Amino acid sequence: MTTVTFYHSIICPRCKMASRSLSRLLADFPEIRVEKVEYLTHLSAARANGVRMIPALVSGDRRLGGFYLTRARIRRFLESL
């Protein structure tokens with residue numbers, strides 16, 4: 001099983017959109033488990049993992065971040081794992 005860490009914030013509207021897209025896509029990827037981490041309360045852990053902006057997905061040494069994570073970008077990231 002592959003674990004993906006989803007860095008987000010409850011006050012971030014872009015994170016909510018990314019979370020919805022990620023949830024819908026997970027049905028196509030049963031071998032992937034998502035761990036959600038609140039960015040603002042776990043800032044040092046996020047920085048240690050190279051996360052500088054949210055929303056962001058991290059799995060091992062692979063990262064996907066950006067101002068806006070589209071469903072297509074998230075899908076490509078999950079397919080690459």
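1. The charged end of Arg14 lies over the ring of Phe67, at 4.2 Å from the ring centre. A charge is taken to sit over a ring if NZ of Lys or CZ of Arg is within 6 Å of the ring centre and within 35 degrees of the ring normal. By contrast, the structure holds 0 aromatic pairs; such a pair would need ring centres of Phe, Tyr or Trp (its six-membered ring) within 6.5 Å.

2. This is a predicted model, in which local features need pLDDT of at least 70 and side-chain atom pairs count only at pLDDT 80 or more, while totals for chains, interfaces and linings use all residues. Residues are numbered from 1 along each chain as its sequence is written, and side-chain values use heavy atoms, with hydrogens and water left out.

3. Buried denotes under 20% relative accessible area, exposed over 50%, and partly exposed in between (1.4 Å probe, protein chains only). Helices (H or I, at least four residues) and strands (E, at least two) are DSSP runs, numbered from the N terminus.

4. β1 has parallel pairing with β2 (residues 32-38) over 7 bridges, and Val4 stands opposite Val34 in β2. β1 and β3 (residues 56-59) run antiparallel and are joined by 3 bridges; here Phe6 has Leu57 of β3 as its bridge partner. Pairing requires at least two DSSP bridges between the strands.

5. A right-handed β-α-β unit is formed by β1, helix α1 (residues 13-25) and β2. Right-handed means that, with the strands pointing away from the viewer, the path from the first strand over the helix to the second runs clockwise.

6. The buried residues in α1 are Cys15, Ala18, Ser19, Ser21, Leu22 and Leu25. They cover an arc of only 170 degrees around the axis, which puts them on the same side of α1; the arc is that of the directions from the helix axis to the C-beta atoms. Pro13 and Arg24 are exposed on the other side of α1.

7. A cis peptide bond, with omega about 0 degrees, joins Ile54 and Pro55. Pro55 is placed in the loop between α2 (43-48) and β3.

8. Ala72 belongs to helix α3 (residues 71-79) and is partly exposed, with a relative accessible area of 41%. Its C-alpha atom is separated by 28 Å from that of Thr41, 31 residues apart along the chain.

Terms used. Rings of Phe, Tyr and Trp (its six-membered ring) pair if their centres lie within 6.5 Å; planes under 30 degrees apart count as stacked, over 60 as edge-to-face and the rest as tilted.
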